[in-house]
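Work through the exercises below with the sequence and the model at hand. Try each task before reading its solution.

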Amino acid sequence: SRPFATPLYRGALSNVDASLTALELLRYNEPLADGESAAKDAPRRPVSLVTAEHGGVRRQALLSWQLGDAPATPINLVWRDADGFALQGYAPTGQRVSVEVAPRQDAYALDYVLRVVNEASSPIAAGATVTLSLDPGPKRESSWFAPPTNLVQGVCASSEELERKLDTDIKEDGPFTLPSAATWGAIDRQYFVVAAWANGQPLGCTMNVVGDALQVQLSFTAEALAPGATWERKLSLFLGPKRDDTLAAVAGELKEVIDYVTLGIPLGFLARPMVALLSVFHGWTSSWGLAILLLTLVVKVLLFPVTFKSSISMRKMQLLKPDLDRIKKQFEGDRERQQLEQMKLFKEKGVNPLGGCLPMLLQMPVWFALYRTLWSAVDLYQQPFLWLPDLTAKEPLPIMALVIGGLTYLQQKLMPTAADSQQAKMMLYMMPVMLTVFMIALPSGLVLYILFNSVLTLFQQLAINKRLTSLG
């Protein structure tokens, strides 16, 4: 194989068949082996998209070719200069095939030109099949809330649809072929992606698992090529971090590979501004942990008017408790009449019975959006903060989770008591326990956000309670 390097990555091409046999990202590091991510001083290496996690070379190349109608046309390195490589070979059927490869110096991309020339005396079929292949290695420790960092998905996309398939799903259900013509395909490794874009040309796209490797196969439709004629196609290969700016350097539509959907809800409109704000705050502080704390403060300030209005609503509900008790006693046994009289009372007093839940409902999309941000925000990958070795991984010891549980209990004690005493008891005891359990499984960056948010909420509630004394 022939090595090559740019300021962003280094790799190697086979000088026999032009397959990509090595690719490392020089600005991103990962542990040498599973289990070492919990230690800040664990050995690191550049993120590799070809080499196995424990140092062995994979059997599959990251990218391989089949050009023309021959099963395997041997092609060999012809020349190499500062702009890239050219490989050329001949098939027994009389076709000359070539692959030109140009690594970009300022982007995570390789540009390819595929060419078939018919040097026979009769027409031949000309086309090409590009196969992306990635063996993720043994799955790392994970949970439902914190997936393994070497999770891989295949992606087939057109302008109308985008299909994602986990390697485990393909193993269970069999190969998947996009029913419409694709414009690009990819293998998504959570924070990094390898994507092939055909400059708008239609492609057939199939996802499969061969051995332990996920494969995405992209096919240009074969065409009849007259004697002396040339068939040519261009292809760009993105191989790098999942960031809007880096993906857009190859093609704007590749940004769709970043998945901001949670529970079927598209949250890109929240997650993308969060990523932008995190980058700005990181530029100020040079710390992704501090950037998360500043983001928490911004969200808290933006939601304060709603929080204050909710606290007023809950306080009014507390003051209405004697009237609500009177209605229950007066219409005991008539549940429908009770509800009717209660709604009438709420309307007269200008109270929204659901007002106390509004801040939580508004914050849930923010939490989900931040969760999706941390799921795919490569800038936070392997970034430590204080005792946390990786903001995108679970906390080694659930210190923050336990503190959040305690703070949530204090918040419930400080908040105005709801009129329904059973509801108040449930919120007082169940909510802290549930949150603590959830926090143990979440990425530590998200738990850091929720912890700081809980501290701010505690002080905010103390200030609000002073204002609410005027209501009686």
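**Exercise 1: A charged pair between strands**

Glu223 has a relative accessible area of 37%, so this residue counts as partly exposed (buried is under 20%, exposed over 50%, partly exposed in between, with a 1.4 Å probe and protein chains only). This is a predicted model, in which local features need pLDDT of at least 70, side-chain atom pairs count only at pLDDT 80 or more, and totals for chains, interfaces and linings use all residues. Residues are numbered from 1 along each chain as its sequence is written, and side-chain values use heavy atoms, with hydrogens and water left out.

Task: Find which side chain meets Glu223 in a salt bridge.

Solution: 
- Recall the rule: a salt bridge is a side-chain nitrogen of Lys or Arg within 4 Å of a carboxyl oxygen of Asp or Glu.
- The partner is Arg233, at 2.7 Å from N to O.
- Now place the pair: Glu223 is in strand β17 (residues 213-225) and Arg233 in strand β18, 10 residues apart. (Strands are DSSP runs of E, at least two residues; helices are runs of H or I, at least four; both are numbered from the N terminus.)
- Check the cover: Arg233 has a relative accessible area of 17%, so Arg233 is buried.

**Exercise 2: Another bridge to β18**

Task: Identify the salt-bridge partner of Arg115 and locate both residues.

Solution: 
- Glu232 is the partner, with the closest N and O atoms 2.8 Å apart.
- Arg115 lies in strand β9 and Glu232 in strand β18 (residues 230-241), so the bridge ties together parts 117 residues apart in sequence.
- Glu232 is partly exposed, because its relative accessible area is 35%.

**Exercise 3: The disulfide**

Task: Say which residues the disulfide joins, and which hand it has.

Solution: 
- Apply the cut-off: a disulfide is a pair of cysteine sulfur atoms within 2.5 Å.
- A search of the whole structure finds 1.
- Cys156 and Cys205 are joined, S to S 2.0 Å.
- Cys156 sits in strand β11 (residues 153-157) and Cys205 in strand β16 (residues 204-210), so the link ties parts 49 residues apart in sequence.
- The torsion about the S-S bond of Cys156 and Cys205 is about -75°, so the disulfide is left-handed.
- Are the two cysteines buried or exposed? Both Cys156 and Cys205 are buried.
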